[in-house]
Amino acid sequence: MLQSTEKATDDGSVAAASKLLDPFQGLSFLVGVAENKNGNYRAKMEDVHTYVANFAERLDWGYFAIFDGHAGKLTARWCGNNLHGLLEQEILDKEVDSSASDATPTGLYDMKQLLCDVFEKADEIIDKEGSGSSGSTAAVAILRWESDNSDCQEAAPLTDSGSNQTSKFDFIPSKYNRRMLYTSNVGDLRVVLCRGGRLYRLSYDHKASDPNEVQRVRDEGGLIVKNRVNGVFAITRSLGDSYIKNLVTGKPFTTATEITNEDEFLILACDGVWDVISDQQACRFVQDFFNSQRIDKQPFDPTLAAKKLCNLAIDKATTDNITVMVVKLDSDVFV
């Protein structure tokens, strides 16, 4: 399943069909997205989002991404339409290579390095295809199952051998499986994980006010003027922006986190949210919403959670486009 803001608006027939078929049935996560052009301050919407369930043709894997364009939407649009395909092909190629060489079990290649390679490859393609006159920040998260035993990469049976009852999940992890979350970002989009009521930021704000980034830009011969690269860019890393690539690099910050039954949800959002809402406020807001649904015995609705967080940013007078993605994790998959 692929969802992207660059797809045509759903008509009534699509909406009706979606009510009959739950796109997340059998998965151990739910995804909700909300966006707002913020017309009081912005004439155009330059954000793009994409998510893919059963990513890379693997059960219960997920790809989640937000791209925030600037100087036009070309780069953000290219990323929304192509980055997941580029990453999927690199994953499949790595798995074929590992299988052929018999060097390591499937899935044990360095996913963080692969994300770095894909971001840099995307930058090259964007430049060659002529989309690089614009730029985009990016935040990508990959949720997947891994194992030290290559035989456990495939789906387990759809029944629990202990209880002989059908599981609600398409993938049942074995004792060899672990669930991993990989993130990669350039710019000031953020990925935040809520674990046991505590928040963990899994991204890095690449801003021209950050001492590490300031030093890197200066080492490359650039100037920081009023917290902007060469007096123009408030961010120091992005995809696209080909004419200043030597200073505003596409090399991302990456993380790897093992997901456990304590992990509740992810929030991916653009700077239109984080300019006016702290990580702590956002996590507490979404957590309170899910807790209220739990108390009322309602099904979890990450789409409504994303909408409410989006509206909160509007109420707090953000001046930018807004996109929020909430990924609700189901801890029952570990039982």
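Is aspartate 123 buried or exposed? I looked this up first, keeping in mind that the model is predicted. Aspartate 123 has a relative accessible area of 10%, and so it counts as buried, the cut-off being under 20%.

**Entry: around aspartate 123**

I placed aspartate 123 in helix H3, which covers residues 111–128. I then looked for a polar partner and found lysine 245: the two side chains are joined by a polar contact of 3.0 Å. Setting aside neighbours within four places in sequence, I listed the residues in contact with aspartate 123 as Ser238, Leu239, Gly240, Lys245 and Gly250.

**Entry: the open sheet**

I traced an open sheet of five strands, in the order S2-S12-S11-S7-S8, with antiparallel pairing. Strand S2 (29–36) and strand S8 (198–201) each have a single partner strand and stand at the edges, so one side of each has no neighbour in the sheet.

I went through two of the pairings. Strand S11 (residues 263–269) pairs with strand S12 (residues 322–329) over five bridges, in the antiparallel sense. Within this pair, isoleucine 267 is opposite valine 326 of S12.

For S7 and S8 I noted four bridges, again with antiparallel pairing. Here leucine 193 faces tyrosine 200 of S8. The hairpin of S7 and S8 has two residues between the strands, and glycine 196 in that hairpin has a positive phi near 55°.

**Entry: helices on the sheet**

Which strands does helix H7 lie across? I found that H7 (residues 302–315) lies across S2, S11 and S12, and that it runs at about 30° to S2. I also checked helix H6 (residues 279–295), which packs on the sheet and touches strand S7 (190–195), S8, S11 and S12. The direction of H6 makes about 125° with that of S11.

I took phenylalanine 55 for a closer look. Apart from neighbours within four places in sequence, phenylalanine 55 is in contact with Trp61, Gly62, Tyr63, His84, Leu87, Glu88, Ile91 and Ile142.

I recorded two residues here. Alanine 56 is not a glycine, yet has a positive phi of about 60°. I located alanine 56 in the loop between S3 and S4. Its relative accessibility is 4%, so alanine 56 counts as buried.

Asparagine 227, a residue other than glycine, has a positive phi near 60°. I located asparagine 227 in the loop between helix H4 (211–219) and strand S9 (239–240). Asparagine 227 has 46% relative accessibility and therefore counts as partly exposed.

Note on methods
Residues numbered from 1 in each chain as written. Predicted model: local features only at pLDDT ≥ 70, side-chain atom pairs only at ≥ 80, totals over all residues. Heavy atoms only, no water. Pairing = 2+ DSSP bridges. Contact = heavy atoms within 4.5 Å. Axes fitted to C-alpha atoms, helices over the stretch in contact; angles between N-to-C directions. Buried < 20%, exposed > 50% of the residue type's maximum accessible area, 1.4 Å probe, protein only. Polar contact = N/O pair within 3.5 Å; in protein donor to acceptor, adjacent residues only side chain to side chain.
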